[in-house]
Amino acid sequence: MNAVESAKGKYAQMLFNELFEDYSNALRPVEDTDKVLNVTLQITLSQIKDMDERNQILTAYLWIRQSWYDAYLKWDKDKYDGLDSIRIPSNLVWRPDIVLYNKADDDFSEPVNTNVVLRYDGKITWDAPAITKSSCVVDVSYFPFDSQQCNLTFGSWTYNGNQVDIINSLDSGDLSDFVEDVEWEIHGMPAVKNVITYGCCSEPYPDVTFTLILKRKSSFYIFNLLLPCILISFLAPLGFYLPADSGEKVSLGVTVLLALTVFQLMVAEIMPPSENVPLIGKYYIATMTMITASTALTIIIMNVHHCGSEAKPVPQWARVVILDYMSKIFFVYDVGENCTSPRREKEQEHRLEGGDMCRGGDGKSHLSSRNDDSDLKENLNGNWNKSFGVHGENVRENVNCCSCYKMLIKNIEYIANCVRDHKANRAKGIEWKKVAKVMDRFFMWIFFIMVFFMSVLIIGKAA
């Protein structure tokens, strides 16, 4: 076995010396200069190293195979003990200057000087690995449920189509050795040959364009950007459910707005500055607009809630629409009131029960209305007249007693009026508070429905 290998090595050395004795790698290896040299190109995608959406650069690890026939590197294998192929450094032979047209790297170094396989019939096969950075137009309109198409265009830099022609080895790039990427799925890599005539030259220039079809794996962005936003947005309508006296209604809206602003900045950092706003960005903007509106409405409703005695009475239309109908629809009732007892009956019972000014320890009720005051006045006047007719000698004492009674009646009337005005003002404030509460419930359900439909819409866009 060692002797056979030594013999082949001897013939290979002799073949190499004879082939490259008068060989030049500077010119196209064709016997007729008018003849086209065909170069077969095959691209194998090994790995996607990076997809920079912001700078729109795709970094990929490729295996590039080029094969062509060299008319000056042929031999009769029978003369060399059946030696049909040799492996030599690629810089010793002529190589086509096929480059990546849409290269986005500032490194213009030479291709890797791997060996080429030279066959006895003059066929040269050159396999070279390459890490390419190519420009890719990124459309983030449906981020994070987007698909991208990145082109890899290969062609000769100096030879036109009449000198070097490029032929596709396969209809698409080879994906058999592709290493799965954590962020992108590969849905194909079709290859198309183009023949373009540029404005500078009249000769055609062929190229081969491989279109890399990528589909983003959106699970990471769903759990880290989308779901937190949806959950936070559902907190915004709950601000209407908070009691107005808690003092946290506006604080909740502002806190939710700040949280969504943070998520919006995170998305803006990874997206290219283009006119196409990503889908998740539109969702953030719509949610932030909704939360801003809810915070503004909360401030208005709180002003309604804190309407005091100086406010005007509730308008009649508001009594009918809000207090009578909407309060029943949204199940807003006063204390002690429920859906089976009408509101007006409760108000009448409240007036009857709260009509007394105060109650004594023996359970007897005192004077509480204008009729009672007038009756008391008549009784006191009648008693004074009788006392004056029977006891005329005590006129001065009766006059003093009458003055005391009149002062007492005046004080009682003043107290009764004050209590009556206080009850009226208090009832007015209670009505405005109920109006604010009904409006809170109304806007809470409106905003819940809006958040739900926006969430369904973005999920539907993803599907």
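**Reading helix packing in a predicted model**

Author: In this predicted model, helix α3 (residues 249–270) and helix α4 (residues 279–305) have axes that come within 9 Å and cross at roughly 165°.

Reader: How do I read that angle: are α3 and α4 roughly parallel or roughly antiparallel to each other?

Author: Angles run between N-to-C directions, and those over 145 degrees count as roughly antiparallel. At roughly 165°, α3 and α4 are therefore roughly antiparallel. The crossing of α3 past α4 is left-handed.

Reader: Which residues make the contact between α3 and α4?

Author: On α3 they include Val-250, Val-254, Leu-257, Leu-260 and Val-267, and on α4 they include Ile-280, Tyr-284, Met-288, Ile-291 and Met-302. By class, the residues of this contact are 14 nonpolar, eight polar and one charged.

Reader: At what angle do helix α2 and α4 pack?

Author: Angles under 35 degrees count as roughly parallel. Helix α2 (residues 219–238) packs with α4 at about 15°, their axes 10 Å apart, so α2 is roughly parallel to α4. Among the contact residues are Leu-226, Cys-229 and Ile-230 of α2, together with Tyr-283, Thr-287 and Met-290 of α4. This contact has 10 nonpolar residues, two polar and no charged ones. Here too the crossing, α2 past α4, is left-handed.

Reader: How many helices and strands are in the chain?

Author: The chain has eight helices and 11 strands. Of its 463 residues, 35% count as buried. Of the contacts between residues at least 6 apart in sequence, 77% join residues at least 24 apart.

Conventions. Residues are numbered from 1 along each chain as its sequence is written. This is a predicted model: local features need pLDDT of at least 70, side-chain atom pairs count only at pLDDT 80 or more; totals for chains, interfaces and linings use all residues. Side-chain values use heavy atoms; hydrogens and water are left out. Helices (H or I, at least four residues) and strands (E, at least two) are DSSP runs, numbered from the N terminus. Buried means under 20% relative accessible area, exposed over 50%, partly exposed in between (1.4 Å probe, protein chains only). Contact means heavy atoms within 4.5 Å. Axes are lines fitted to C-alpha atoms, for helices over the stretch in contact, and angles run from 0 to 180 degrees between N-to-C directions. Angles under 35 degrees count as roughly parallel, over 145 as roughly antiparallel, 65 to 115 as roughly perpendicular and the rest as oblique. A crossing is left-handed if the near helix is turned anticlockwise from the far one by less than a right angle, and right-handed if clockwise. Ala, Val, Leu, Ile, Met, Phe, Trp, Tyr, Cys and Pro count as nonpolar, Asp, Glu, Lys and Arg as charged, and the others, Gly among them, as polar.
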